[in-house]
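This note sets out a few points for the colleague who will work with the coordinates. Please read the numbered paragraphs alongside the structure shown here.

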Amino acid sequence: MARLIMLLALVAVVVAVGAIAVAVWSSGDGAREGKLNNVQKVAYLCLFAVMTGVATGFLGAE
Amino acid sequence: MAKRYGGTYSPTGKVEADNVDPRPFQAQVSPTGARSNLLFVPGLILAFTSFGGGPEALALGLAGAGTWTLAAWLTREGLKAEAAYHARKVARRPALPRKMLGSLLVGAGTVLASLSGDMGLTASGLYAVIGAALHMTAFGIDPLKNKSLEGVDEFQQDRVARVVDEAEAHLQSMMGAIRRAQDPRLEARVERFQQQVREMLRTVEEDPRDLTAARRYLGVYLMGARDATIKFADIYARDRDAGAKSDYMMLLTDLEENYTAKTRKLLKDSNSDLAVEIDVLRDRLQREGVRLD
């Protein structure tokens, strides 16, 4: 259980730092024109898949 | 009810289009687009799938769906606020960081959605972190700094920002009113006029000294244009009065010409200021014995 919580915290930190870095890096000219760059496009598709997967029960605990 | 489309080259649209070009100067792309609208879909799916899993699952599922919907709405508003921030030369940062709040709410909604599907806390937490991080990556963070021009007094910039905010509010209510008339040509005509007004706004933002000269244009005249638009929209929506439409189009043309002339004058004044500064610098350099020629 302790290992799982450690894993969770580690994933949280890594993912959050990565997300902030990409978000800051992406706020260039493309963002001003309202366009998504390739990283943002992939992130958007993954986000939609995660949300839909959780909502439909497709993504489970295991 | 369906409406027949009549453009410039349609058989019925040509006569009306002869006098005035109703096209806007430049097409404006909506900052929100399909990407933020699609975010409302998972919330709907979750609301439907939470039925049939018992009262606890239903409560958690509906709470999650509500949180996701709120997150999608905040993201949409955040994108609009960001576009408005980038469109201006002098702007305050958004008071509420809506996109970042949207990321947090996506995470919170994911926890609730996962718990409604009998997942453990650990798995729910992981999905929440992943969801929030993906949202932040996809939509970025809100502007966190005020935007100002270098070398211009902050007090003056605040004054300009206030006037610009008021002018934008007038423009928005004008657009809202003309939409009630349900005539795409009129909407395009008003949009074209608004682009001219926004050009004046950008000119004043660049040189706040122009504010005094442009104040009536950005306040009283714009308010008058808004009131006229509201009255016209009510009349036109009621009985499609061609006379009222013609009068209104004439008013817009007159206003647009006046705004264009005033903006040109403001720009010319700025050019004169530059010429004076160049002359002063030349004189000083000549006194020092430096020749520019």
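1. What is the accessible surface of chain B, and what percentage of it belongs to carbon and sulfur atoms? In this predicted model, the accessible surface of chain B is about 16,500 Å², and carbon and sulfur atoms contribute 57% of that area.

2. On secondary structure, chain B contains eleven helices and zero strands. Read from the N terminus, the order of its elements is α-α-α-α-α-α-α-α-α-α-α.

3. Chain B has 293 residues, and 42% of them count as buried. Among the contacts in chain B with a separation of 6 or more, 77% are between residues 24 or more positions apart.

4. B:Leu186 belongs to helix H8 of chain B, which covers residues 184-206. B:Leu186 counts as buried because its relative accessible area is 0%, against a cut-off of under 20%. Apart from neighbours within four places in sequence, the contacts of B:Leu186 are B:Ile178, B:Ala181, B:Phe232, B:Tyr236, B:Lys245, B:Tyr248 and B:Met249. Between B:Leu186 and B:Met175, which lie eleven residues apart along the chain, the C-alpha separation is 9.9 Å.

5. A:Thr52 is located in helix H3 of chain A, residues 38-56. Its relative accessibility is 19%, so A:Thr52 also counts as buried, the cut-off being under 20%. The A:Thr52 side chain reaches the backbone oxygen of A:Phe48 at 2.5 Å. With neighbours within four places in sequence set aside, A:Thr52 is in contact with B:Pro42 and B:Ile45 of chain B.

Notes
Residues are numbered from 1 along each chain as its sequence is written. Chains are lettered from A and ligands numbered from 1 in the order in which they are written. This is a predicted model: local features need pLDDT of at least 70, side-chain atom pairs count only at pLDDT 80 or more; totals for chains, interfaces and linings use all residues. Side-chain values use heavy atoms; hydrogens and water are left out. Helices (H or I, at least four residues) and strands (E, at least two) are DSSP runs, numbered from the N terminus. Buried means under 20% relative accessible area, exposed over 50%, partly exposed in between (1.4 Å probe, protein chains only). A polar contact is a pair of N or O atoms within 3.5 Å; within protein, one must be able to donate a hydrogen and the other to accept it, and residues adjacent in sequence count only if both atoms are side-chain atoms. Contact means heavy atoms within 4.5 Å. Accessible areas come from the Shrake-Rupley method with a 1.4 Å probe; for residues, only the protein chains shown count as cover.
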